[in-house]
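Please open the structure in a viewer and keep the selection panel at hand.

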Amino acid sequence: MKEGWRRREFLQAGLAGAAALAAPLRHAFAQSSVPALGTTRLGDGIAVISGGGANVTAFGNRDAALLVDTGLADRIDDVIAAALAVTGASKVAIAFNTNWRPEHSGGNERLHAAGATIMAHENTKLWIGADFDVDWEHLKHRPRPPEALPDKTFYTNGDVEVAGRKVEYGYLPQASTDGDIYVFFPDANVLAVSDLLAVGGYPLVDYATGGWIGGLEKATQKLLEIANDETRIVPADGPVQRRPALEAQLELCTAVREAVRDAYKGGHSFEEFLAAKPTAPFDAERGDPELFLRLVYKGAWGHVRELGGGII
């Protein structure tokens, strides 16, 4: 198993092989030697920790630390140790979940036990505590224990102060899921966006938990309003990015939203939509688009009115 395997590689394997691959891959990952976490410093008291699930942004000083995402459950002790090392803090005071998925929220129980406050959009809390299927992954999620649930939720935007520095957060509806948030560190000019930005692959638009291509397009537009040319942008997977990565994703989202609108309008099946190769200009950089297009095609059915174009 290669170092750094995460959901992105699983998605790129394609829907057809997902059920067959999931169990052995996860077993192999669990049995392999655990790689050391990577750390990328972005300024005074702020760094990205990679290799513990989704990228984790750690921020703070000797008084307290804040985390954006909590990684996988079996890596949280390593994540906490790395966060305290890079910030000089003695404790983690606050942790955000940018969405419900386990690589973003797996460390919640451990952090709660250590006295941290977990913050998330209300929809993220509902998914973490719910019994539901994600059919395209062939996975059934059971409710996690109360200790895993965020204990401070919100519906829109806000800010908190950690170590005497302001941290802003905001909700971007129905993009990757229906609970996605960004976290912005103004004085460091660092924007943590998690699954709202895909690097080296196609985005996740999880219709099973409220995501869709039009919502991701609008979310990307909003992030472009926040980021300037100097902003460091932290995705869920891969290296820190700059504004051009968001611009490229916006181009992709707009092209694919228009393509699925036209497919619906023309009464085309998914197979016809796929055969039309709506992502052809992007495939060389991002890889096999089939799973992404399947998620887009099915997820857009619930947003036909928003697609426009005279479909109905």
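Begin with helices α8 and α11, whose crossing is right-handed (the near helix is turned clockwise from the far one by less than a right angle). This is a predicted model, in which local features need pLDDT of at least 70, side-chain atom pairs count only at pLDDT 80 or more, and totals for chains, interfaces and linings use all residues. Residues are numbered from 1 along each chain as its sequence is written, and side-chain values use heavy atoms, with hydrogens and water left out.

Select residues 243-265 for α8 and residues 290-299 for α11: their axes come within 10 Å and cross at roughly 55°. Axes are lines fitted to C-alpha atoms, for helices over the stretch in contact, and angles run from 0 to 180 degrees between N-to-C directions. Helices are DSSP runs of H or I with at least four residues, and strands are runs of E with at least two, numbered from the N terminus.

Next, display the side chains of Leu252, Val256, Val260 and Tyr264 in α8 with Phe292, Leu293, Val296 and Tyr297 in α11, which make the contact (heavy atoms within 4.5 Å).

Then turn to the open sheet, where five strands run in the order β10-β11-β12-β13-β14 with mixed pairing (strands pair if DSSP finds at least two bridges between them). From one strand to the next, the twist averages 20°.

Finally, select residues 190-194, strand β13, which pairs with β14 in the parallel sense over four bridges. Alanine 192 has valine 234 in β14 as its bridge partner.
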